[in-house]
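Visitor: I should like to examine this structure through the criteria behind its descriptions. Kindly set each value against its definition.

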2 protein chains.
Amino acid sequence: MAKVSSSSIVSPQALVGLTPQSGDLSAAAVPGISHFHLANGLEVVVIPDLRAPIVTHMIWYRNGSADDPMAKSGIAHFLEHLMFKGTTKNPLGAFSELVAELGGQENAFTSNDFTAYYQRIAKEHLGKMMELEADRMINLRLTDEVVAPERDVVLEERRMRTDSDPASELNEAVQAALFTRHPYGTPVIGWGHEIEDLGRQDALDYYQRFYTPENAVLIVAGDVIEADVKRLAESTYGMIAARGEAPHRKRPKEPAARTHKLVTLRDEKVEQPSHQRVYLVPSYTTGGKATGEALEVLAHVLGGGPTSILYKALVVDQKIAVAAGSYYWGQALDDTRFFIYAMPSEGVTLEALEEAIDGVMAEVFARGIDEGDLARAKTRLVADAVYSRDNQTELARWYGVALTTGQTVEDIQQWPERIDALSAADIKAAAAKYLDRACSVTGFLLPAA
Amino acid sequence: MAKVSSSSIVSPQALVGLTPQSGDLSAAAVPGISHFHLANGLEVVVIPDLRAPIVTHMIWYRNGSADDPMAKSGIAHFLEHLMFKGTTKNPLGAFSELVAELGGQENAFTSNDFTAYYQRIAKEHLGKMMELEADRMINLRLTDEVVAPERDVVLEERRMRTDSDPASELNEAVQAALFTRHPYGTPVIGWGHEIEDLGRQDALDYYQRFYTPENAVLIVAGDVIEADVKRLAESTYGMIAARGEAPHRKRPKEPAARTHKLVTLRDEKVEQPSHQRVYLVPSYTTGGKATGEALEVLAHVLGGGPTSILYKALVVDQKIAVAAGSYYWGQALDDTRFFIYAMPSEGVTLEALEEAIDGVMAEVFARGIDEGDLARAKTRLVADAVYSRDNQTELARWYGVALTTGQTVEDIQQWPERIDALSAADIKAAAAKYLDRACSVTGFLLPAA
């Protein structure tokens with residue numbers, strides 16, 4: 001949607017920056033959650049939050065940029081924009097204007113594995129939101145008159161955020177080098193030359209294929225009870241005819257990597273050089289919970305803030321970096337990314353920084369991690385999860401991400417206990433097994449030569 | 001086909017080795033060539049060669065590995081194997097046995113842009129060859145009983161030639177890094193995990209789509225006259241119903257590269273390190289003839305043998321390399337590859353070699369090329385073309401490659417004159433425009449650390 005486009009993409013670009021957000025999985029065990037399906041296949045999660053008379057109403061679709069058809073990159077995100085163009089019953093602008101009039105907020109976002117729409121609004125308007133959201137699940141009306149200008153909006157979004165930003169350009173190239181086959185190597189917003197060719201029919205074909213009740217998850221968090229949500233959902237979303245089955249998400253798999261790749265971008269706009277390394281690793285879904293949890297904790301121990309191993313070694317002790325950290329993008333339908341990043345101190349080369357990182361990693365492989373560090377990381381991970389419950393929208397969002405990337409409500413609920421049960425040996429084993437430099441991708445961002 | 005599988009793939013792997021074959025385009029102007037279409041759309045080229053009573057009969061399809069559907073890499077090559085599995089009229093083995101009985105030779109090969117089948121045989125059997133080849137253009141019979149074992153043959157071919165050969169593994173990774181989007185980054189034989197999933201229906205779907213008269217080129221070279229070829233072709237291939245139009249070859253385009261990528265493979269099987277660099281450049285078809293010719297001549301001046309610039313600088317003068325050269329893969333439907341390669345002398349690092357290559361290139365960019373070097377390269381290119389006319393099969397092959405990658409018979413005929421007209425300024429301009437290290441891919445092959 002045009003007016004919120006600055007926040008509509010959830011992508012590697014956003015995550016590989018120097019202040020990654022916590023990748024933790026869960027809001028911990030929220031009591032009273034209910035989870036059911038409507039007769040047409042729509043999945044529903046109700047998360048009680050009685051602190052204020054508001055609700056967050058989200059509809060998630062199990063399709064993201066990784067489901068863009070060949071040579072149609074960007075269509076998932078483009079359709080997200082076009083979903084604000086109106087239906088016969090609710091023409092262009094009607095939905096957004098109503099949300100604003102009622103004092104609500106709305107937004108939408110697209111990532112590799114999902115596309116989602118939400119409103120946060122006074123609880124008495126939940127039924128109306130469902131009615132309008134259900135309407136645009138099946139009645140979207142697109143004309144060339146609205147499609148063409150919106151494509152220009154997306155192209156401008158790409159130009160502003162990627163094509164004029166060397167760090168974003170490097171990130172795109174690093175992801176493309178890591179994923180030679182799998183579509184996680186393609187930017188969520190799409191490649192510019194392919195966006196240019198996206199048309200009304202591409203959007204409609206994609207919409208017909210994926211915007212179905214079987215492919216959607218409704219998440220309602222707030223001052224509501226299950227029975228009310230069910231009743232409202234049945235009289236809105238429930239009226240949509242089932243399609244028989246959810247669309248199939250078929251994505252090419254990645255061949256086993258055997259090489260290290262160093263991707264270098266030099267650009268006159270770069271003032272501060274930076275280093276990143278990305279490993280292709282299992283997600284919670286492909287590797288199983290235990291593997292995902294071990295990688296999650298590893299990322300926190302290794303690079304989650306100023307007490308982490310990388311930060312202490314590179315920034316505090318050796319003073320060769322001004323920033324350093326690591327991040328695990330665990331919630332993904334397919335094999336995913338583990339990032340290490342650092343920014344060199346003045347006069348330090350990226351090669352020297354790379355070598356120092358390898359030194360730190362060699363220590364981790366050889367000795368594993370300290371029990372004290374582990375205990376702190378676990379505590380902080382779970383605490384983050386608890387704190388983040390305080391934000392109703394974030395809470396709903398976690399369930400949406402989990403349910404659209406192959407996890408279950410139970411997985412989220414059990415997560416804190418499972419994190420607590422991890423041992424230092426589990427973490428050491430995960431590091432040794434998955435963080436192999438020989439098949440990783442390194443990115444160097446440098447000023448013009 | 002199983003028994004010739006060792007030569008059936010025409011791929012980057014074959015071309016990036018240390019003894020690349022000449023990339024020259026043409027057999028120069030062969031007199032008396034005729035060129036026409038049958039009523040069903042089949043294109044026919046007849047190349048007179050009256051020196052011996054033999055013919056080379058080739059059928060070329062305008063589809064190759066770059067037309068493999070998503071997640072079905074290897075299907076073009078796999079179908080090439082399966083085309084030897086027989087039809088109702090000519091069951092498994094009948095065609096090959098007949099060719100052998102008649103004292104002929106046969107083979108087939110698959111590349112990025114084409115798949116081709118040929119027999120070389122006494123001229124009186126041309127009609128029979130056409131009959132059998134036309135039969136398998138429409139009557140291929142595939143059962144799971146023949147498909148499954150042949151898939152194992154292809155998988156074994158891949159294991160033997162790629163997965164156990166570090167140089168091939170590196171080449172695959174370099175190509176994948178160069179082509180992040182376009183299918184030239186995918187190996188012709190396919191990725192192993194995708195070959196494993198190819199089945200009878202995949203092969204039949206692909207066969208139905210591409211094995212049509214409109215999509216084929218018949219090339220007959222030898223002791224034949226146009227009228228006889230036409231008559232025989234009409235009574236065999238001509239009986240196949242037209243489909244209406246040639247299948248559409250739609251391939252994703254590559255986004256503009258902004259980064260340099262260094263791909264490194266270390267393996268204990270490596271004894272001699274080697275260096276390669278690949279640039280993404282226009283082909284004869286995408287860049288136009290003048291650009292293709294300039295890149296062709298540039299490759300020869302720069303790295304075509306022991307009198308070339310790179311060889312003289314690195315091997316003879318600086319003695320830091322034991323081999324060095326360059327190669328342009330010009331005949332391609334889409335943007336293609338310009339290779340530079342070198343093998344370091346003992347004790348020389350690949351980094352030092354890389355730097356020396358950049359030194360040589362800087363000279364070329366600054367000063368251009370010597371008129372004497374240019375004259376020698378032009379003479380040798382055209383001479384190679386003339387000499388290679390001596391081989392009937394090679395001659396036929398050039399026409400097949402040209403016609404399936406977007407060129408015309410006239411392009412081939414005019415090529416020697418056009419090469420002769422190139423100036424040193426054309427070559428210098430092509431080097432400066434297309435050989436930009438900042439968006440190339442470098443490959444390092446090294447022994448285990």
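Guide: Two residues are in contact if their C-beta atoms, placed from the backbone, lie within 7 Å. The model is predicted, so local features need pLDDT of at least 70 and side-chain atom pairs count only at pLDDT 80 or more, while totals for chains, interfaces and linings use all residues. Residues are numbered from 1 along each chain as its sequence is written, and chains are lettered from A and ligands numbered from 1 in the order in which they are written.

Visitor: What covers the buried residues of α13(A)?

Guide: The cover includes β8 (274-281), α12 (309-317), β9 (321-328), β10 (336-344) and β11 (441-447) of chain A. These names refer to DSSP runs, numbered from the N terminus: helices are H or I with at least four residues, and strands are E with at least two.

Visitor: Which residues of α13(A) are buried?

Guide: A residue is buried if 20 or more other C-beta atoms lie within 10 Å of its own, exposed if 12 or fewer, and partly exposed in between. By that rule L350(A), L353(A), A356(A), I357(A) and M361(A) are the buried residues of α13(A). Seen down the helix axis, they fall within an arc of 140 degrees (taken from the directions from the axis to the C-beta atoms), so they line one face of the helix. On the other side, the exposed residues are E351(A), E355(A), D358(A), G359(A), A362(A), A366(A) and R367(A).

Visitor: How do you know that the span of helix α13 agrees with its number of residues?

Guide: The expected span is 1.5 Å times one less than the number of residues. For the 18 residues of α13 (residues 350-367) of chain A that gives 26 Å, and the end C-alpha atoms are 26 Å apart, so the two agree. After the helix comes G368(A), with a positive phi near 75 degrees.

Visitor: What makes β9(A) and β11(A) largely enclosed by the rest of the structure?

Guide: Six of the eight residues of β9(A) are buried, so that strand is largely enclosed. For β11(A) the count is five of seven residues, so the conclusion holds there as well. As to pairing, two strands pair if DSSP finds at least two bridges between them. β9(A) and β10(A) have seven bridges in the antiparallel sense, with A321(A) opposite P344(A). β11(A) is joined to β8(A) by five antiparallel bridges, and Q276(A) stands opposite G443(A). With β7(A), β11(A) pairs in the parallel sense over seven bridges, where L262(A) has T442(A) as its bridge partner.

Visitor: Why is the relation of chain A to chain B called that of a two-fold axis?

Guide: The copies are superposed by least squares on the C-alpha atoms of residues with pLDDT of at least 70 in both. A rotation of 180 degrees with 0.0 Å of shift along its axis places chain A on chain B, with an RMSD of 0.0 Å. That is the relation of a two-fold axis. Of the residues of chain A, L262(A) comes closest to this axis, its C-alpha being at 2.4 Å.

Visitor: How do you know that the copies meet through the same surface?

Guide: Of the interface residues of chain A, 100% are also interface residues in chain B, so the surface is the same. In number, 27 residues of chain A are in contact with 27 residues of chain B. On the side of chain A that touches chain B, β7(A) gives the most, with seven residues. β7(A) also runs antiparallel to strand β7 (residues 260-267) of chain B, and five bridges join them. There T264(B) is the bridge partner of H260(A).

Visitor: Why is Y434(B) called partly exposed?

Guide: Y434(B) has 19 C-beta neighbours inside 10 Å, so it counts as partly exposed. Y434(B) belongs to helix α17 (residues 424-434) of chain B. Not counting residues up to four places away in sequence, Y434(B) touches Y279(B), V281(B), L295(B) and F338(B).

Visitor: What makes helix α2 of chain B mostly covered?

Guide: Eight of the eight residues of α2 (residues 75-82) of chain B are buried. They pack against β4 (105-110), β5 (115-122), α5 (144-163), α7 (192-195) and α8 (200-210) of chain B.
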